[in-house]
Amino acid sequence: MRKITILSAVLVCIAFISCKENATAKIDAASLETAKERDARISLGSAIMEFDTMEYDFGTIVEGEIIDGTFKVTNKGKTDLLITAVRPSCGCTTPDWTKDPIKPGETGEIKFSFNSNGRVGKQHKSITITSNAEKITETVRLTGTVTAKS
């Protein structure tokens, strides 16, 4: 019985050592470099979006008027900010935004155009911004009142 226990222990040690050697042989140098670069970027921290205002109040307008406005977004983080998508809550709002990466400390723009045609009454519209920032999505709002044409 003692011989079987010793033999089993030796076999387990041999299997462990041979597996360990095979695992280190399988490491790809290019993958290791990619992982090191990724870890270095992560250690810098995330981009952080900060807006000049979270709500744009266009006041009172007459139906049919088109309101153009801009939200300014500043990157308060330590890595480049990349805005990947800007989605309005309805088809009456058309956005356009900075497509190039926004460097730390720099400012980009999210421009919009609101068409009030057929939108009489109080208006509450939103624009959702998706990015690589610490907070992946942010929402800004448009508010105001549209009066009927006389």
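Reply: F71 is buried, with a relative accessible area of 0%. Here, buried means under 20% relative accessible area, exposed means over 50%, and partly exposed is anything in between, using a 1.4 Å probe and protein chains only. Before we go on, keep in mind that this is a predicted model, where local features need pLDDT of at least 70 and side-chain atom pairs count only at pLDDT 80 or more, while totals for chains, interfaces and linings use all residues. Residues are numbered from 1 along each chain as its sequence is written, and side-chain values use heavy atoms, with hydrogens and water left out.

Now for the rings. A search of the whole structure turns up four aromatic pairs. One of them joins Y56 and F71: the ring centres are 6.4 Å apart, the planes are 70° apart, and the pair is edge-to-face. To count, rings of Phe, Tyr or Trp (its six-membered ring) need centres within 6.5 Å; planes under 30 degrees apart are stacked, over 60 edge-to-face, and the rest tilted. In the chain, Y56 belongs to strand β2 (residues 55-62) and F71 to strand β3 (residues 66-75), 15 residues apart, and the pair links these distant parts. Strands are DSSP runs of E with at least two residues, helices are runs of H or I with at least four, and both are numbered from the N terminus.

Is Y56 buried or partly exposed? Y56 is partly exposed, at 24% relative accessible area. Y56 has a second ring partner, F112: this pair is edge-to-face too, with 5.0 Å between the centres and 80° between the planes. Because Y56 lies in strand β2 and F112 in strand β6 (residues 107-115), the pair ties together parts that are 56 residues apart in sequence. F112 itself is buried, with a relative accessible area of 3%. Put together, Y56, F71 and F112 make one aromatic cluster.

Who else is around F71? F51 touches F71, along with K72, V73, I110, I129, E138 and V140, leaving out residues up to four places away in sequence. A touch, or contact, means heavy atoms within 4.5 Å. F51 sits in strand β1 (residues 49-51) and is buried at 11% relative accessible area. Its C-alpha is 9.0 Å from the C-alpha of N75, though F51 and N75 are 24 residues apart in sequence.

Strand β1 leads us on to another residue. S131 touches M49, L81, L82, I83, T84 and I136, again not counting residues up to four places away in sequence. You'll find S131 in strand β7 (residues 121-131), and S131 counts as buried at 6% relative accessibility. What does the side chain of S131 reach? Its side chain gets to the backbone nitrogen of A133 at 3.0 Å.

P101 is in the loop between β5 (93-97) and β6, and P101 is partly exposed, at 44% relative accessible area.

K99 lies over the face of W97, at 4.0 Å from the ring centre. For that label, NZ of Lys or CZ of Arg must be within 6 Å of the ring centre and within 35 degrees of the ring normal.

The structure also holds one disulfide, formed by C90 and C92 with their sulfur atoms 2.3 Å apart; the cut-off is a pair of cysteine sulfur atoms within 2.5 Å. C90 counts as buried at 17% relative accessibility, and C92 is buried at 7%.

Zooming out, the protein has two helices and eight strands, running α-α-β-β-β-β-β-β-β-β from the N terminus. Buried residues make up 29% of its 150 residues. Of the contacts between residues at least 6 apart in sequence, 67% join residues at least 24 apart.

Conventions:
A polar contact is a pair of N or O atoms within 3.5 Å; within protein, one must be able to donate a hydrogen and the other to accept it, and residues adjacent in sequence count only if both atoms are side-chain atoms.
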